[in-house]
Amino acid sequence: MARSSLLLYYFSGSGSGSGSFRSFFFFIPTTLALTTSLFILVYISTTSNLFTHYHPLDSSFLGFNSPFGSSTFSPRTRQTVSISFHNHSKTPFQFQEPQIVHLGEGGFGSQRPLEPPFPPDGHGNYVNYNEVYHDRDIFVEDYNEMNRSFKIYVYPHRRNDPFANVLLPVGSEPGGNYASESYFKKVLMSSHFITKDPTKADLFFLPFSIARLRHDPRIGVGGIQDFIKDYILNISQKYPYWNRTGGADHFYVACHSIGRSAMDKANEVKFNAIQIVCSSSYFQPGYIAHKDACLPQIWPRQGVLPNLSSSNRKKLAFFAGKINSPVREKLLQVWKNDTEIFAHFGRLTTPYADELLGSKFCLHVKGFEVNTARIADSLYYGCVPVIIANYYDLPFADILNWKSFSINVATLDIPLLKKILKRFSFEEYLTLQRNALKVRKHFQWHLSPVDYDAFYMVMYELWLRRSSVRLPLNAFVHPN
């Protein structure tokens with residue numbers, strides 16, 4: 001009791017050291033407030049253009065002579081690397097210079113932009129924005145090795161399986177907004193990457209379809225988690241491959257956003273297996289960058305590519321879509337009535353393709369998830385994509401230099417969108433568009449895969465994530 005009274009007396013400030021004690025407790029919240037304010041300023045300065053100031057741009061690295069007037073690109077030597085592939089197309093890897101399209105009257109202002117749109121990297125060095133690959137030579141070499149040696153084992157299921165519709169490839173040609181999932185599985189199952197000998201497999205494919213489970217009346221959205229949990233339990237008891245690595249050499253593919261929560265009752269899949277998903281957001285706790293990878297969401301289009309030489313791009317930027325996120329609400333609030341940035345919500349009165357062909361920049365704006373098909377749409381129609389989706393782990397980010405053919409705008413900077421786009425000179429825009437046309441082939445699906453199309457690029461991402469260590473099966477005890 002005496003000790004409690006003494007403590008009460010001390011903390012009440014009646015003791016001789018009360019002044020210094022009160023000063024000490026005043027100092028703590030003040031310090032915390034200042035530290036928090038500092039962190040907020042640092043975050044804003046690193047994610048926003050509000051306080052950004054770049055050094056003057058040396059135009060020589062872009063491949064043209066001057067930022068003023070009508071400079072032309074320096075001609076680049078076409079490089080051809082002959083690659084011998086195993087049991088598929090032997091087309092040499094050609095990096096061709098795509099045709100530059102007409103921008104329409106007005107183009108861009110002739111004044112030098114105050115802030116260079118192509119900033120230096122974090123070390124003060126300018127990046128080669130003419131190169132669309134991080135390292136083209138390594139990519140070509142690895143791509144060749146992938147096609148020669150990469151093998152996938154798919155857990156077998158018969159056509160009379162009660163869930164054959166979920167576990168086997170679709171019979172018809174995939175379509176719709178989430179076709180990427182079905183395209184990948186359909187093409188993979190008939191490819192030279194498949195092996196029937198699991199001892200030769202680099203990775204194991206879990207063939208369930210999230211999109212088909214979602215529409216199956218026996219399962220539905222509410223039953224997907226239990227189905228996945230039971231499926232993993234089944235293969236872990238029937239085969240030894242899952243147990244030897246805890247699923248680390250297994251992967252699944254999903255494009256619908258429901259796939260994000262489909263593994264909530266199978267944590268080993270979420271945290272160990274490779275997830276190839278369209279909803280690839282750093283912000284989601286179930287997605288682990290570098291272990292997992294982005295599946296590009298692509299609306300399937302067949303036939304001849306559109307004729308871009310006749311396109312007349314008079315609009316500065318274009319977006320059309322539903323208002324299903326605060327980010328899109330902000331875009332509409334700021335730019336709804338603008339005469340240069342067309343932010344359209346609801347049904348279009350003109351063909352969607354015409355709007356893409358008539359715009360210099362096409363906006364990919366985060367909706368319910370970070371992913372939409374608009375990046376692939378933009379590239380298909382020769383429109384430079386502008387990505388407004390924080391934390392988006394972009395497709396093929398291990399391979400492609402996204403800064404060379406797209407613009408990333410923080411959601412905080414939506415009010416600055418026009419300023420950001422207009423600081424690009426005519427030549428700088430042409431650099432972006434030229435590079436966008438170079439990478440367009442990587443964002444297309446084909447039932448019979450074509451070298452470097454979306455299927456082969458996803459396979460390359462998987463190949464990068466394979467393990468070089470294979471443990472012997474006899475090192476594991478098979479579950480009873």
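Which cysteine forms a disulfide with Cys 255, and how many Å apart are their sulfur atoms?

Modeller: Keep in mind that this is a predicted model. The partner of Cys 255 is Cys 278, and the two sulfur atoms are 2.2 Å apart. The link between Cys 255 and Cys 278 is left-handed, with -95° about the S-S bond. Cys 255 has 1% relative accessibility and counts as buried. Cys 278 is buried too, at a relative accessible area of 0%.

Cys 294 is buried, with a relative accessible area of 4%.

Now the strands around this site. Strand β5 (residues 250-254) and strand β6 (residues 274-277) run parallel and are joined by four bridges. Across that pairing, Tyr 252 stands opposite Gln 275 in β6. Both strands belong to an open sheet of five, in the order β3-β4-β5-β6-β7, with parallel pairing. Its edges are β3 (152-154) and β7 (293-294), each of which pairs on one side only.

Helices pack on this sheet. Helix α5 (residues 179-189) touches β3, β4 and β5, and its direction makes about 135° with that of β5. Helix α15 (residues 454-464) lies across β3, β4, β5, β6 and β7. The direction of α15 runs at about 160° to β6.

Back to the cysteines. The count comes to two disulfides. The other one joins Cys 362 to Cys 383, with an S to S distance of 2.1 Å. The link of Cys 362 and Cys 383 is right-handed, with 105° about the S-S bond. This pair links distant parts of the chain: Cys 362 sits in strand β10 (residues 359-365), and Cys 383 sits in the loop between α12 (374-380) and β11 (384-388), 21 residues apart. Both Cys 362 and Cys 383 are buried. Numbered in sequence order, the bonded cysteines of the protein chain pair as 1-2, 3-4.

Phe 208 is in the loop between β4 (203-205) and α6 (210-215), while Tyr 231 is in helix α7 (residues 220-238), 23 residues apart. Phe 208 and Tyr 231 are both buried. Another of the pairs is Phe 319 with Phe 345: the ring centres are 5.6 Å apart and the planes stand at 55°, so this pair is tilted. Phe 319 is in strand β8 (residues 315-321) and Phe 345 is in strand β9 (residues 341-345), 26 residues apart. Phe 319 and Phe 345 are buried.

Two arginines complete the tour. Arg 218 lies over the face of Phe 163, at 4.1 Å from the ring centre. The charged end of Arg 301 sits over the ring of Tyr 380, 5.1 Å from its centre.

Terms used. Residues numbered from 1 in each chain as written. Predicted model: local features only at pLDDT ≥ 70, side-chain atom pairs only at ≥ 80, totals over all residues. Heavy atoms only, no water. Helix = DSSP H or I, 4+ residues; strand = E, 2+ residues; numbered from the N terminus. Buried < 20%, exposed > 50% of the residue type's maximum accessible area, 1.4 Å probe, protein only. Phe/Tyr/Trp six-rings, centres within 6.5 Å; stacked < 30°, edge-to-face > 60°. Lys NZ or Arg CZ within 6 Å of the ring centre and 35° of its normal. Pairing = 2+ DSSP bridges. Contact = heavy atoms within 4.5 Å. Axes fitted to C-alpha atoms, helices over the stretch in contact; angles between N-to-C directions. Disulfide = S-S within 2.5 Å.
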